[in-house]
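This report examines selected strands, charged pairs and aromatic rings of one model. The sequence and structure are shown first.

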Amino acid sequence: MNPLFPLTTNPLVLLSSLVLLVLIAVAFFHLNARPSLSTTRNKNKVQTVLLVGPQASGKTAILSKVLYGHVIPSHTSIKENEASISRNWSRAGSKEKVEGDGEDADKAENDEHLLLKRPLHLVDIPGHPRLRTRALAQFLPAATGVVFTIDSVTGLTGKNVRDAADHLHILLSLITLHSNQTSTSPLPLLILLTKTDLTPTKTSSQTLSRAKQSLSRELERHRLSSLASTTTAGARLEGLEPVTAGAGEARGVKGVLKAFGANGNGERGGLPEDEAEVLSADAFQVEGPFEWEKVEGSVKWAVGSVEGGEGGVDYLWQWIEDL
């Protein structure tokens, strides 16, 4: 027996040693365990919602409506637009109480019932094919939900609906990749049919039914095409002029992501920034013909308009606050 390490039968000493070993094991586990992104999102005081969709589908108008309570003139975005929002202006009542000067405006500004439970970080993702995938790969890991916008007037026919379906397929693929990499449920998705004030002769149910059928048909074509080839994205993007972001913009994106629990190098999410690479990963798949019921995760549909009328942005606010 080694005299330097005498054995003991003292129960108190043995119990103390056992407790110490358990504490060391627990500490080691917590130091090495990597918390899931869903846990990070739930604890995060700020929720991040992405506005995604084809160009001219109303994303920037929605951002200004949510941010200011009214729409301001906008143009096609070539970079991300971000806003930090702490109030739900739709609760203020009339438009004048938000825009006006004087006592009514001050009252609306200081009204506590306008305050959100959690501040909102709203990000308008550009719809340009050269920008959308890179921006999504950078912002998606920090998101708590995604809104996909489609122009209900011009976005459901011909080339426009094909482009919308391509865009949606990229988004669903990235959401699936992110879910697989982080072992979390897919991000909640709201598909929002915009500009319904310009289609007064159609009911909400008619607009939604048409959108579901049109997008389902195009996504089924996408599924059949992907079985034969994974180079569609590269061929389709060929000939588009590149659009690059400046160094300052790239640093800004990385800074935002670090603040929301991810970094700009993709170390947490590791999502691909090239559209062809996203499609080659073949992450978003369904068994047999495409049906919306086969899409995993929460997918909801709504109609709306920044000009008010049926839907308005009320359902969007409700969806955001329920995240």
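## Charged pairs within helices

Asp163 is partly exposed, with a relative accessible area of 27%; here buried means under 20% relative accessible area, exposed over 50%, and partly exposed in between (1.4 Å probe, protein chains only). Its salt-bridge partner is Lys159, with N and O 2.6 Å apart; Lys159 is exposed, at a relative accessible area of 53%. A salt bridge is counted when a side-chain nitrogen of Lys or Arg lies within 4 Å of a carboxyl oxygen of Asp or Glu. Both Lys159 and Asp163 belong to helix H7, 4 residues apart, about one turn of the helix. Helices (H or I, at least four residues) and strands (E, at least two) are DSSP runs, numbered from the N terminus.

A salt bridge also joins Glu220 to Arg223, with 2.9 Å between the closest N and O atoms. These two residues lie in helix H8, 3 residues apart, about one turn of the helix. Glu220 is buried, with a relative accessible area of 17%.

## Basis of the model

The model is predicted: local features need pLDDT of at least 70, side-chain atom pairs count only at pLDDT 80 or more, and totals for chains, interfaces and linings use all residues. Residues are numbered from 1 along each chain as its sequence is written, and side-chain values use heavy atoms, with hydrogens and water left out.

Lys195 lies in the loop between S5 and helix H8 (204-228) and Asp151 in strand S4, so the pair ties together parts that are 44 residues apart in sequence. Lys195 is partly exposed, with a relative accessible area of 27%, whereas Asp151 is buried, at 8%.

Strand S5 (residues 189-194) is mostly covered, with 6 of its 6 residues buried. Leu189, Ile191 and Leu193 point one way from the strand, while Leu190, Leu192 and Thr194 point the other way.

Strand S4 (residues 145-151) runs parallel to S5 and is joined to it by 6 bridges; two strands pair if DSSP finds at least two bridges between them. Within this pairing, Val147 has Leu190 as its bridge partner. From S4 the chain crosses through helix H7 (residues 158-182) to S5, in a right-handed β-α-β crossover: with the strands pointing away from the viewer, the path from the first strand over the helix to the second runs clockwise. S5 also pairs in the parallel sense with strand S6 (residues 299-303), over 5 bridges, and Ile191 has Trp301 as its bridge partner in S6.

Thr207, in helix H8, is buried at 6% relative accessibility. Leaving aside neighbours within four places in sequence, its contacts (heavy atoms within 4.5 Å) are Ser152, Leu156, Leu193, Lys202 and Val303.

## Aromatic cluster

The structure holds 3 aromatic pairs. Phe290 and Trp292 form an edge-to-face pair, 4.9 Å centre to centre with 85° between the planes. Rings of Phe, Tyr and Trp (its six-membered ring) pair if their centres lie within 6.5 Å; planes under 30 degrees apart count as stacked, over 60 as edge-to-face and the rest as tilted.

Phe290 is buried, at 7% relative accessibility, as is Trp292, at 15%. The rings of Trp292 and Trp301 have centres 4.9 Å apart and planes at 85°, so this pair is edge-to-face. Ring pairs link Phe284, Phe290, Trp292 and Trp301 into a cluster.
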